[in-house]
Amino acid sequence: MFKWIRGTILRTSIKGFRTRTIAMGRSLYPHIEPYKTGEHHTLHVMQCGNPQGRPVIFLHGGPGGGCELTDRQRFDPSHYRIVLFDQRGCGESTPSACLEENTLWDLVKDVETIREHLQVKKWGVFGGSTFALAYAQAHPDKVAFLVLRGIFTLRKEELDFFYQGPGTSFLFPDYWESFIEVIPEEERGDMMRAYYKRLTSTDDDVRKKAAKAWSTWEMATSRLAIDPEYIARADGQDFADQFARIECHYFVNEGFMRQGQLLETQEIDKIRHIPAVIVQGRYDVVCPATTAWELHRKWPEAKFELIPDAGHSAKEEGIEKALVGATNEFRKMEY
């Protein structure tokens, strides 16, 4: 059972900033005033745990996935000041599924804006590997530690393995058939581009159909054992639209970075000194273990945990245990 230490949970919606604060218990952070993130976006930010604790920021995956209630439960709330936010267009951030001013480097700037606004000098960074690596490499002096899961660097071979095939399609032929049937045969030579055309369509029916199919494919393949309840997330129209549109937007644009940038030696050298844990499911078919292994070989200073009985999802038992173990271990750090 999760217990809020000192009863502190702040939820702050930031619109240029719009602010809405809800608190439980005795202790509150000071009122947070609005600030701007851009012309188009409003970010939903949450703080949980110990107001005087060691700061850590959780970066959700996807991109496009948004935060879940369980995300905050990977941190000891008596020790950490936990910061979470729904990235541009995701979750409770608005406008929903917006692609304008929505790049990896916009997100990196958002993290810095939040850090400066909350007057955090340095914090732990936990979560989505692409985003976390990009932020750490851009601002290594602001990162106390890294916890990375399901390593993905948006290289063409990684994207093709999952969205073009052969790859995951060989292991999930039934769900693959449903994924490709949305796209006419003559367009299947570039599945991501064909989906992007539909996910950005002005025809709502076309967009909804593509969003559900795209999201179902990832929900079906994310766990070692297929989970019908997890797949059912794709039935949520808002979630599917956010998840599919934003994810596809990043992928067709190669993450808005150079091919292989996050694995380049000069980029790894920027973060080599940062204490880090890499957690990877051996049977992850969304973000195959070969990329995590390559990162491990280039960055041997980081602790590498290859979970033998897990797929992609952070909710796989072995992965969850390793992630919580990592944040517990980093409680020993002073920063």
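**Note on helix packing and backbone geometry**

1. P166 sits in the loop that runs between α3 and α4. In this predicted model, the peptide bond between G165 and P166 is cis, with omega about 0 degrees.

2. Helix α3 spans residues 156-163, and its buried residues are E158, L159, F162 and Y163. Viewed down the axis of α3, these residues fall within an arc of 105 degrees, so they line one face of the helix. Their packing partners are α4 (173-180), α5 (191-199), α6 (204-221), α8 (237-252) and α10 (289-298).

3. A cis peptide bond also links G62 and P63, again with omega of about 0 degrees. P63 belongs to the loop between β3 (54-59) and β4 (80-86).

4. L154, in the loop between β6 (143-149) and α3, has a positive phi of about 60 degrees. With a relative accessibility of 4%, L154 is buried. F256 also has a positive phi of about 60 degrees and is found in the loop between α8 and α9 (265-271). F256 is partly exposed, at 24% relative accessible area. Most residues other than glycine have a negative phi, and most peptide bonds are trans.

5. Helices α1 (residues 104-117) and α2 (residues 129-138) have axes that come within 10 Å and cross at roughly 65 degrees. The crossing is right-handed. On α1 the contact involves L104, W105, L107, V108, V111, E112 and R115, and on α2 it involves F131, A134, Y135 and A138. By type, the residues of this contact are nine nonpolar and two charged, with no polar ones.

Definitions and conventions. Residues are numbered from 1 along each chain as its sequence is written. This is a predicted model: local features need pLDDT of at least 70, side-chain atom pairs count only at pLDDT 80 or more; totals for chains, interfaces and linings use all residues. Side-chain values use heavy atoms; hydrogens and water are left out. Axes are lines fitted to C-alpha atoms, for helices over the stretch in contact, and angles run from 0 to 180 degrees between N-to-C directions. Helices (H or I, at least four residues) and strands (E, at least two) are DSSP runs, numbered from the N terminus. A crossing is left-handed if the near helix is turned anticlockwise from the far one by less than a right angle, and right-handed if clockwise. Contact means heavy atoms within 4.5 Å. Ala, Val, Leu, Ile, Met, Phe, Trp, Tyr, Cys and Pro count as nonpolar, Asp, Glu, Lys and Arg as charged, and the others, Gly among them, as polar. Buried means under 20% relative accessible area, exposed over 50%, partly exposed in between (1.4 Å probe, protein chains only). The arc is that of the directions from the helix axis to the C-beta atoms.
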